[in-house]
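Hi,

Here is the structure I said I'd pass on. Have a look at it first, and then read on for my notes.

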Amino acid sequence: MASPYAEGTREKVASKLPVTLRQELKTRAAQLGIDMQEAVTEAVDQWLIRPVGDNPAVSTAGAESWNTWLPVGRYDRFKAECGARDISYAQGLAQAIRVWVDSHSASLTELAIPQYTRRIVVCNQKGGVGKTTIAAGIGQAIALGLPATTSRPAMPGRRTLLVDYDPQGHLSSQFGVKQVASGEESLVTHMVDRDRVTGALLDQVVPIAPEHFDGRLFLLPSSFDAFLLDSRLGSVRGPRETSLQRALAPLEEHFDTIVIDAPPNLGLAMDAGLYYGHRRKSELADRSGVLIPVEAEDSSADAYAMLDSQIRTVCLDYEVDIDRLGLVVNKFDKRKGYVATHSLENWQSLGTPPVVAIVPDLKEQREAVHVKQPLLMYAPTSTQAQRMREIRRRLG
Ligand SMILES: Nc1ncnc2c1ncn2[C@@H]1O[C@H](COP(=O)(O)OP(=O)(O)OP(=O)(O)O)[C@@H](O)[C@H]1O
Ligand SMILES: [Mg+2]
């Protein structure tokens, strides 16, 4: 990724940090509602001005590669100071972050709830129901945030990563982003060919219309090799279900929300996708999970039954809970008559998962795809854009 920040304001810093300290930093920053990079900047600034004796040595055993962004020029100052203090950069950074974490205490109640990156897996093995449309739309709405209304508080924009997990690459192409060519390093390599990995997955993340989304919307493009993912996962050593989670783990600290646009199938790749949405240890219910676009027609109901059974199987096999965040009844057109209205009633009568939005079949969605622009930028006042904001509100 070139830089998730406004041109020239911050520079990427590649260093090392013990995994546990990284997790503590992420948790504490999230608990306090502070952007990770702001926390690191503050930590480094304080370290620079603190008397040397107030920076206790920190064990850097088990330190792993770690990227962050600092205001331009700050790291040079920091490195010079590490040189003057005769310590490694990794030691200096660990000291800075250790003191920052220890001096930003959160209450015990807050500490009991780990702040994970929210993971939303948009899935349905039925083709063409609107997975890509809904993933893209809610990603945009989450990145933009919502203004306060007379009855509801504002929802601040969040740093959001859209992951194109479908070899068809529709999500990438609708933002005008090229798919990763066959044989090139990609999400697939990071999932099933870790011995061949040479770069960070973060470097493949591209910003989407940063001027419109305040630099908070990003995309991890699809790889053509994802067509082979099911068969590759079949022969992978070690647990398969965690392969997507393992590959995306280093990205999580950079994003508040990760939205997965799943492919229209139910193979091993989809198991890994569903697993990625499972509720983690002590994570609040209904924060992460699956969001399921459906259509108001009979074949959609049959497909949903299969998907639901697959979700149950993954939960049983891997002993996890996967929250069903909701159904989005998409491409609804009541002019289609009884089948459409009756089918909508059936979806609503399910109750769990709830119908979180009914999105009409309107031209703006197709037009936005045609001109390769995000919907909330191309037609921000359209009914469809409004529905995407409603889903964002419903997700909480
Ligand atoms: N509410 C809508 N109104 C009009 N067109 C829509 C709407 N939702 C989706 N579409 C269009 O329907 C087509 C299929 O939608 P989309 O690609 O989002 O489905 P999908 O489930 O991701 O498909 P696939 O299974 O192939 O991945 C696209 O051309 C999209 O622009
Ligand atoms: Mg799709």
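**Notes on the fold**

Taking contacts between residues at least 6 apart in sequence, 78% of those in the chain join residues at least 24 apart. Bear in mind that this is a predicted model. The pLDDT averages 91 over the chain, and 96% of the residues score at least 70. The stretch to watch is residues 108-113, where pLDDT is below 50. Beyond near neighbours in sequence, that stretch has five contacts in the model. Where pLDDT is low, the predicted coordinates should not be read in detail.

As for the overall build, the chain has 16 helices and ten strands. Its radius of gyration is 22 Å, close to the 21 Å that the globule rule gives for 396 residues, so the chain is as compact as a globular protein of that length. The C-alpha trace spans about 75 × 55 × 40 Å along its principal axes, and 42% of the 396 residues count as buried.

I looked at two helix pairs. In one of them, α2 (residues 36-49) and α4 (residues 89-103) have axes that come within 8 Å and cross at roughly 105 degrees. With 65 to 115 degrees as the range for the term, that makes α2 roughly perpendicular to α4. On the α2 side the contact involves Ala39, Val40, Glu42, Ala43, Val44, Gln46 and Trp47; these meet Gly92, Gln95, Ala96, Ile97, Val99 and Trp100 of α4. Sorted by class, that contact has nine nonpolar, three polar and one charged residues.

The other pair is α11 (residues 268-276) and α12 (residues 298-318), whose axes come within 10 Å and cross at roughly 75 degrees. That makes α11 roughly perpendicular to α12. Here Asp271, Leu274 and Tyr275 of α11 make the contact with Ile311, Val314 and Tyr318 of α12. By class, there are five nonpolar residues, no polar ones and one charged.

Asn55 is in the loop between α2 and β2 (63-71). What does Asn55 touch, leaving out residues up to four places away in sequence? The list is Trp47, Arg50, Gln95 and Val99. Among these, Trp47 is on the α2 side of the helix contact, while Gln95 and Val99 are on the α4 side. Is Asn55 buried or partly exposed? With 19 other C-beta atoms within 10 Å, Asn55 is partly exposed, because a buried residue needs 20 or more.

Some backbone geometry to check before you set anything up:

- Thr352 and Pro353 are joined by a cis peptide bond, with omega about -5 degrees. Pro353 is in the loop between α13 (338-350) and β10 (355-360).
- Asp214 is not a glycine, yet has a positive phi of about 50 degrees. Asp214 lies in the loop between β5 (206-207) and β6 (217-220), and is partly exposed, with 14 other C-beta atoms within 10 Å.
- Ser282, also a residue other than glycine, has a positive phi near 65 degrees. Ser282 is in the loop between α11 and β8 (289-295). With 9 other C-beta atoms within 10 Å, Ser282 is exposed.

Cheers

Technical notes: Residues are numbered from 1 along each chain as its sequence is written. Chains are lettered from A and ligands numbered from 1 in the order in which they are written. This is a predicted model: local features need pLDDT of at least 70, side-chain atom pairs count only at pLDDT 80 or more; totals for chains, interfaces and linings use all residues. Axes are lines fitted to C-alpha atoms, for helices over the stretch in contact, and angles run from 0 to 180 degrees between N-to-C directions. Helices (H or I, at least four residues) and strands (E, at least two) are DSSP runs, numbered from the N terminus. Angles under 35 degrees count as roughly parallel, over 145 as roughly antiparallel, 65 to 115 as roughly perpendicular and the rest as oblique. Two residues are in contact if their C-beta atoms, placed from the backbone, lie within 7 Å. Ala, Val, Leu, Ile, Met, Phe, Trp, Tyr, Cys and Pro count as nonpolar, Asp, Glu, Lys and Arg as charged, and the others, Gly among them, as polar. The radius of gyration is taken over C-alpha atoms; the globule rule is 2.2 Å times the number of residues to the power 0.38. A residue is buried if 20 or more other C-beta atoms lie within 10 Å of its own, exposed if 12 or fewer, and partly exposed in between; C-beta atoms are placed from the backbone. pLDDT is the predictor's confidence in each residue, from 0 to 100.
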